[in-house]
Amino acid sequence: MIETRSELTDKKPDLVQRFVDASIVGWYHYLYGDNAAGNAMIKKLNPEMTDELLAYSVAKMKDYGIVDSGDTLRDGIGAMSDARVASFFDKMVRAGVVRRDIDFRKAYTLRFTNKGVGLDLRPKN
């Protein structure tokens, strides 16, 4: 999830789009390309991480489709839909995390997602 202020999405949508696109491309490179630089940063910030644990984690993210599965296969990593957001909101209401009267539709936009960014970076099976 990427969060920012509505003011930024309204006044600098090109900046937001570039950030979202770069994040998506970064995920494709991390999962399917050379992730050595990313792993080095992770280990620097989390010294308990090992190469073996990171390799295991990437393999499990792929096995379980945590980052790249479902709608992402068509729309790219980060794919989202109004129905998925509504479903999540309903679950949070039932769990008592948020009130039903909140207008969750004001809290997100699909404007920067579902554009197929990075699909060409996914390996062909």
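**Group meeting: rings, spaces and one threonine**

Hi everyone, let me start with the aromatics: Phe89, Phe104 and Tyr108 are joined into a cluster by ring pairs. Please keep in mind that we are looking at a predicted model.

How many aromatic pairs are there? The count comes to four. One of them is tryptophan 27 with tyrosine 30: the ring centres are 6.3 Å apart and the planes stand at 90°, so we call this pair edge-to-face. The cut-off behind that label is an angle over 60 degrees. Both residues belong to helix H2, and because they are three residues apart there, about one helical turn separates tryptophan 27 from tyrosine 30. Now, buried or exposed, or something in between? Tryptophan 27 has a relative accessible area of 37%, so it is partly exposed. Tyrosine 30, on the other hand, counts as buried, with a relative accessibility of 15%; the limit for buried is under 20%.

Let's move on to the open spaces. The largest pocket has a volume of about 1,400 Å³. It is lined by 36 residues, and those closest to the centre of the pocket are Met1, Ile2, Met80, Tyr108 and Thr109. You will remember Tyr108 from the ring cluster I opened with. Which elements give two or more residues to this lining? They are helix H1 (6–11), H2 and helix H6 (82–94). By class, the pocket lining divides into 22 nonpolar, nine polar and five charged residues.

The structure has one cavity of 30 Å³ or more, and the largest cavity holds about 40 Å³ of space. Its lining includes Gln17, Asp21 and Ile24, along with Asp75, Phe112 and Lys115, among others. Helix H2, residues 13–32, contributes the most to that lining, with three residues. Sorted by class, the cavity lining has four nonpolar, five polar and three charged residues.

Last stop: threonine 50. Where does it sit? You will find threonine 50 in the loop between helix H3 (36–45) and helix H4 (51–63). A polar atom of the threonine 50 side chain lies 3.0 Å from the backbone nitrogen of leucine 53. Looking back along the chain, asparagine 39 is eleven residues away from threonine 50, and the C-alpha atoms of the two are separated by 9.0 Å. As for accessibility, threonine 50 comes out at 34%, so it counts as partly exposed.

Conventions: Residues numbered from 1 in each chain as written. Predicted model: local features only at pLDDT ≥ 70, side-chain atom pairs only at ≥ 80, totals over all residues. Heavy atoms only, no water. 1 Å grid on protein atoms, 1.4 Å probe; cavity = no way out; pocket = protein on both sides within 12 Å on 5 of 7 lines; lining within 4 Å. Points joined across faces, edges and corners; volume = space filled by probe spheres on them. Helix = DSSP H or I, 4+ residues; strand = E, 2+ residues; numbered from the N terminus. Nonpolar A, V, L, I, M, F, W, Y, C, P; charged D, E, K, R; others polar. Buried < 20%, exposed > 50% of the residue type's maximum accessible area, 1.4 Å probe, protein only. Polar contact = N/O pair within 3.5 Å; in protein donor to acceptor, adjacent residues only side chain to side chain. Phe/Tyr/Trp six-rings, centres within 6.5 Å; stacked < 30°, edge-to-face > 60°.
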